[in-house]
Amino acid sequence: MALADPILSRRPENRVWKKFRTHKSAMLGGFLVTFFVLIALLAPILPVPDPAATDWGAVRKPPTAAHPFGTDEIGRDVLSRMIWGAQASLLAGVVSVGIAVLLGVPLGIVAGYFGGWIDAIISRCTEALLAAPFLILAIALAAFLGPSLTNAMIAIGLSATPVFIRLTRGQVLSVRAEDYVTSARAIGLPTSKILSRYIFPNVLPPVLVQATLTIATAIIAEASLSFLGLGQQPPAPSWGSMLNTAKNFLNQAPWMAMWPGVAIFLVVLGFNLLGDGLRDALDPREH
């Protein structure tokens, strides 16, 4: 019976996981993200009041046993609205980044691999979009499409697409110059197989890291659009719209602004720490 080589049997994904789990801040980020994802998924079965239910006898009440996070300006339970608002924020972050990845990665691969006039057109359009600040572009698109959570996700996704085009194009240009890609072309391997077997797997790790970090940016953007009335519409809960209402009662009911602000800070911190950990774990130079 032959003995397996301990070096050859050490799979890359095992090394990635080992590197990731020794990254303490990344594990903290993973815990925060997992916590908020579970809160959002379990919102329908958690024992909290209806987030839209009003109680005119408990308007702007401070935290109590009945309302641990207090109540808002029309007596709605802030904790319940926080939990249900997590769904809107996380959904906006994931869906908008999904849109950006689905649009940006194929365009970046086409521009980087084929070059020529195709690369010139895609690159110039990307540079034109990157000239506008991300949040300003998202606000303009959301205002054009109309106020709703769906339109806000589309606006954020389109605004984030140029970042993924530029990142993917740069990675493809680097991989395309490698000897194994040149050899694959020399032996007549079809372009589709070269892209799927050699180009895309090498592009995926940096795209994954960028997507994780961009989710944090998208969550802030969704909160900003909801704050401006361009995102989730009342009475549906959203952390951004809760902050918009709370700004009028900072002196009388500071808890109305504190809890949404803390939630946005923690979930954004979680995704940023998770992204940093993934970047270190997926870096081939660390292996």
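Reply:

The secondary structure of the chain consists of 10 helices and zero strands, where helices are DSSP runs of H or I with at least four residues and strands are runs of E with at least two, numbered from the N terminus. The model is a predicted one, in which local features require pLDDT of at least 70 and side-chain atom pairs pLDDT 80 or more, whereas totals for chains, interfaces and linings use all residues. Residues are numbered from 1 along each chain as its sequence is written, and side-chain values use heavy atoms, with hydrogens and water left out.

The C-alpha trace spans about 80 × 55 × 30 Å along its principal axes. Of the 287 residues, 41% are buried; buried means a relative accessible area under 20%, exposed over 50%, and partly exposed in between, with a 1.4 Å probe and protein chains only. Contacts are taken as heavy atoms within 4.5 Å. Among contacts with a separation of 6 or more, 71% join residues 24 or more positions apart. The accessible surface of the chain is about 15,000 Å², and carbon and sulfur atoms hold 68% of that surface; the areas come from the Shrake-Rupley method with a 1.4 Å probe, and for residues only the protein chains shown count as cover.

A kink of about 45° lies at Phe200 in α8, shortly before the proline Pro201. The bend at a residue is the angle between axes fitted to the seven residues ending there and the seven starting there.

What surrounds Thr212, leaving aside its neighbours within four places in sequence? Thr212 lies in helix α8 and is in contact with Phe271, Leu274, Gly275 and Leu278. With a relative accessibility of 8%, Thr212 counts as buried.

Beyond the helix, the backbone has two further features. Gly229 follows α8 and has a positive phi, near 85°. The peptide bond from Pro234 to Pro235 is cis, with omega near 5°, and Pro235 belongs to the loop between α8 and α9 (239–246). Most residues other than glycine have a negative phi, and most peptide bonds are trans.

Gln232 also occupies the loop between α8 and α9. Gln232 is buried, at a relative accessible area of 16%. Apart from neighbours within four places in sequence, Gln232 contacts Ala88, Leu149, Glu222, Ser226, Pro237, Ser238 and Ser241.

Phi of Arg60 is near 50°, a positive value in a residue other than glycine. Arg60 is partly exposed, with a relative accessible area of 31%. Ile74 is found in the loop between α2 and α3 as well, and with a relative accessible area of 22% Ile74 is partly exposed. Not counting residues up to four places away in sequence, Ile74 touches Thr54, Asp55, Trp56 and Val59. The C-alpha atoms of Ile74 and Leu228, 154 residues apart along the chain, are separated by 20 Å.

Two residues in other helices complete the setting. Gly157, in helix α6 (residues 149–176), is buried, with a relative accessible area of 0%. Its contacts, leaving aside neighbours within four places in sequence, are with Ser96, Ile99 and Ala100. Gly157 and Ala92 are 65 residues apart in sequence and 9.1 Å apart in space, C-alpha to C-alpha. Lys18, in helix α1 (residues 12–21), counts as exposed at 53% relative accessibility. The C-alpha atoms of Lys18 and Ala281, 263 residues apart along the chain, are separated by 8.2 Å.
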